Amino acid sequence: MYCFRKITDDLYWVGGNDRRLERFENIFPIPNGVTYNSYLLLDEKTVLFDTVDTAIGRQFLENIETVLDGRPLNYLVINHMEPDHCSLIEDLLLRHPDMQIIGNAKTFPMIDQFYGMDLEGKKIIVKEGETFSCGKHTLHFIMASMVHWPEVMMTYDDTDKVLFSADAFGTFGSLGGTIFNDEVDFDRDWLDEMRRYYTNIVGKYGAQVQNVLKKVSPLDIKYICALHGPIWRSNLEYILEKHDIWSKYEPEVQGVMIAYASMYGNTENAVDVLAVKLADAGVKNIVMHDISGTHVSHLIADTFKYSHLVLASPTYNAGIYPVMANYLEDMKALNIQNRTVAVLGNGSWAPMSAKLIEAKISEMKNMTLLTENCTIKSALKAEQLDVLDELAGKLAEEVLGKSE
């Protein structure tokens, strides 16, 4: 049975939810599933903005045909060629053989790479700044290359002031009938997942996001229709500001994220003691992660969120504990920068982890190290508390000083 909602007088949400998918891109755990958004405009000519994943294909096609109510589908705008947004192109062409496809010069080679369809006579290739009229609505095309694929574009409808933003401004999580941002408690239920989505999917491309934010800033936007998550129709400044902060690699919170690995509990005990000392010094925003049991996507999200990091790890095979090494590789790959980092190492006979982790941090952009080979040996002893006192003091001074 069809399931859709009206956005404006002639624009409809015709997407759906996949609550059975356990890992987005087969990497990121999504316990609340994900939405695949698609939007259908009923003007003098009908226009569909993107399709969905095959997982919800039957629902999607029923939605389309019900909203069309016997009308043909004239145009399909492809803002993003990732398969979770374009896998129903051929199904639509079977039902609407006269449908024209609107994309940019990088769109159509990708269609051929994925699907090998013969689109002779069906292509409308658009460029930056070009417009397309489908009746009373005029569509403007904005190239958004590498946010987060090279062919990405956005489409702006200057009649209803709608920005179809592709994957930008999206989030993990499935919708439950309430598809608009002002119908949900966004900070409580969605912000963490939006941050995790942005930082892990788009985080590497901050410069490109900044470029797109500059392109859309002059536009009068009333709605932001992303391909995942809620539709924004109020408080748009909030979501734009969040993405501005994340894409500049600026912290949202002056506080401390402690990420530790511990084989037998000794490194964990050391960071517990450190956390207490930080709290006694007045630091309130502290979050701790045992990285052996925390998916790296959550670590990356909090790395973007917090201003100061404590990385604690034992030595393992004369190197960095494997899960910490993986986390550091993700930090570098996703372009983490502008953070202050303290490292606490551990080892029983040849402690090397602090020195090696600090070397990895030094390879990243604009990172400030508060430590130099700060190490405990095996279990924390009373005579080593001075080391943690000094470290807690440095961190508290940094955090509290910048919070004022």
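Colleague: Leaving out residues up to four places away in sequence, which residues does Glu 193 touch?

Modeller: Keep in mind that this is a predicted model. Glu 193 touches Thr 171, Phe 172 and His 298. As for its place, Glu 193 sits in helix H6.

Colleague: What makes Glu 193 count as buried?

Modeller: Buried means under 20% relative accessible area. Glu 193 comes out at 13%, so the label is buried.

Colleague: And why is Asp 182 called partly exposed?

Modeller: The partly exposed class lies between the 20% limit for buried and the 50% limit for exposed. Asp 182 has 41% relative accessibility, so partly exposed is the label. You'll find Asp 182 in the loop between strand S15 (162-164) and helix H5 (186-189).

Colleague: How do you know that the side chain of Asp 182 makes a polar contact with the side chain of Arg 233?

Modeller: The limit for such a pair of N or O atoms is 3.5 Å, and here the value is 3.0 Å. So the pair falls within the cut-off and gets the name. Setting aside neighbours within four places in sequence, Asp 182 is in contact with Arg 233 and Ser 234. Asn 235 is 53 residues from Asp 182 in sequence, with 8.5 Å from C-alpha to C-alpha.

Colleague: Now helix H10 (residues 296-305): why do you say it is largely enclosed by the rest of the structure?

Modeller: Because eight of its 10 residues are buried. Those in H10 are Ser 297, Leu 299, Ile 300, Ala 301, Asp 302, Thr 303, Phe 304 and Lys 305. Take Thr 303: its relative accessible area is 0%, and buried needs under 20%, so Thr 303 qualifies. Beyond four places in sequence, Thr 303 has contacts with Met 257, Leu 309, Tyr 327, Met 331, Ile 336 and Arg 339.

Colleague: Which residues touch the most other members of the largest nonpolar core?

Modeller: Leu 311 and Met 331, in a core of 118 residues. Helix H6 (residues 191-202) supplies the largest share, six residues. Domain 1 (5-248) and domain 2 (253-395) each give at least three residues to this core. Apart from it there is another core, with 23 residues, including Leu 274, Leu 344, Cys 374 and Leu 380.

Colleague: What is Leu 311 in contact with, leaving aside its neighbours within four places in sequence?

Modeller: Its partners are Ala 259, Met 324, Tyr 327, Leu 328, Val 341, Ala 342, Val 343, Leu 344, Ile 357 and Ile 361.

Colleague: How many residues does each domain put into the contact between domain 1 and domain 2?

Modeller: The domain centres, taken over C-alpha atoms, are 39 Å apart. The contact takes 13 residues from domain 1 and 12 residues from domain 2. About 1,000 Å² is buried between the two, and carbon and sulfur atoms give 59% of that area.

Colleague: How many salt bridges does the rule find across that interface?

Modeller: Zero between domain 1 and domain 2. There are four residue pairs in polar contact, though. On the side of domain 1 that touches domain 2, strand S5 (28-29) and H6 are the elements that give two or more residues. The largest share of that side, six residues, comes from H6.

How values were computed:
Residues are numbered from 1 along each chain as its sequence is written. This is a predicted model: local features need pLDDT of at least 70, side-chain atom pairs count only at pLDDT 80 or more; totals for chains, interfaces and linings use all residues. Side-chain values use heavy atoms; hydrogens and water are left out. A nonpolar core is a set of buried Ala, Val, Leu, Ile, Met, Phe, Trp, Tyr and Cys residues joined through side-chain atoms within 4.5 Å. Buried means under 20% relative accessible area, exposed over 50%, partly exposed in between (1.4 Å probe, protein chains only). Helices (H or I, at least four residues) and strands (E, at least two) are DSSP runs, numbered from the N terminus. Domain bounds come from an automatic or database domain assignment. Contact means heavy atoms within 4.5 Å. Buried area is the accessible area (1.4 Å probe) that two parts lose on being put together, summed over both. A salt bridge is a side-chain nitrogen of Lys or Arg within 4 Å of a carboxyl oxygen of Asp or Glu. A polar contact is a pair of N or O atoms within 3.5 Å; within protein, one must be able to donate a hydrogen and the other to accept it, and residues adjacent in sequence count only if both atoms are side-chain atoms.
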